[in-house]
Amino acid sequence: MDTVATDRLFDLHLQARKNILGLLTPLSLEQLNRVPEGLNNNLIWNAGHVIATSELLAYGLGGHRTPSGKAFIDRYQKGTRPEAPVSLAEVDLIKAELLAGSQRMREDYARLDWSTYTPYTTSFGVGFDHVEEALTFNNMHETLHLGAMLVLRRLI
């Protein structure tokens, strides 16, 4: 992938993360933790989920340690749901990691070896063989969750 395309990929990722952070910032801890009737997740879970998914798709399949660690991934990966309200400390961690994780991914993309990337097919029906394809898919995944979060915000 050429430098211009890579820069654009990471710029789009950062913008999605800024939009998610902007949506979370004015809300109370109670609002972030509220699961609307008939649904199975909340705003803060969605934010944690985009972090966990991006780390699994890039670092995990790339053969690298996920920056947020196993316990975080286990709480927010696909197939999970909020088991209990998250603390203010966890909310602060997620908010900080939204932007820091995007910057770290940009730096690690240039720094780490991605040549042993494990091919993967998502439940969305999209497969990829290289980290660049995973990062492109991840941007779509994050904006899908941003849309869900906009709806959740109206329901709380």
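**Exercises on helix packing and burial**

Arg34 is partly exposed, with a relative accessible area of 30%; buried means under 20%, exposed over 50%, and partly exposed in between (1.4 Å probe, protein chains only). The model is predicted: local features need pLDDT of at least 70, side-chain atom pairs count only at pLDDT 80 or more, and totals for chains, interfaces and linings use all residues. Residues are numbered from 1 along each chain as its sequence is written, and side-chain values use heavy atoms, with hydrogens and water left out.

**Exercise 1.** Locate Arg34 and list its contacts beyond four places in sequence.

*Solution.* 
- Step 1: Arg34 lies in the loop between helix H2 (29-33) and H3. Helices (H or I, at least four residues) are DSSP runs, numbered from the N terminus.
- Step 2: Contact means heavy atoms within 4.5 Å.
- Step 3: Between Arg34 and Glu90 there are 56 residues in sequence and 15 Å in space, C-alpha to C-alpha.

**Exercise 2.** Describe how helix H4 (residues 69-76) meets helix H5 (residues 88-111).

*Solution.* 
- Step 1: The two axes come within 14 Å and cross at roughly 95°. Axes are lines fitted to C-alpha atoms, for helices over the stretch in contact, and angles run from 0 to 180 degrees between N-to-C directions.
- Step 2: H4 and H5 are therefore roughly perpendicular, a term for angles of 65 to 115 degrees.
- Step 3: H4 contributes Phe72, Arg75 and Tyr76 to the contact, and H5 contributes Glu90, Leu93 and Ile94.

**Exercise 3.** Which residues of H4 are buried, and how are they placed around the axis?

*Solution.* 
- Step 1: Phe72, Ile73 and Tyr76 are the buried residues of H4.
- Step 2: Their arc around the axis is only 100°, so they are on the same side of H4. The arc is that of the directions from the helix axis to the C-beta atoms.
- Step 3: These buried residues pack against H3 and H5.

**Exercise 4.** Which residues touch the most other members of the largest nonpolar core?

*Solution.* 
- Step 1: A nonpolar core is a set of buried Ala, Val, Leu, Ile, Met, Phe, Trp, Tyr and Cys residues joined through side-chain atoms within 4.5 Å.
- Step 2: In the largest core, of 23 residues, these are Ile20, Leu24, Leu43 and Ile44.
- Step 3: H3 gives the most to this core, with seven residues.
- Step 4: A second, separate core of 16 residues includes Phe10, Leu57, Tyr117 and Phe137.

Terms used. Helices (H or I, at least four residues) and strands (E, at least two) are DSSP runs, numbered from the N terminus. Angles under 35 degrees count as roughly parallel, over 145 as roughly antiparallel, 65 to 115 as roughly perpendicular and the rest as oblique.
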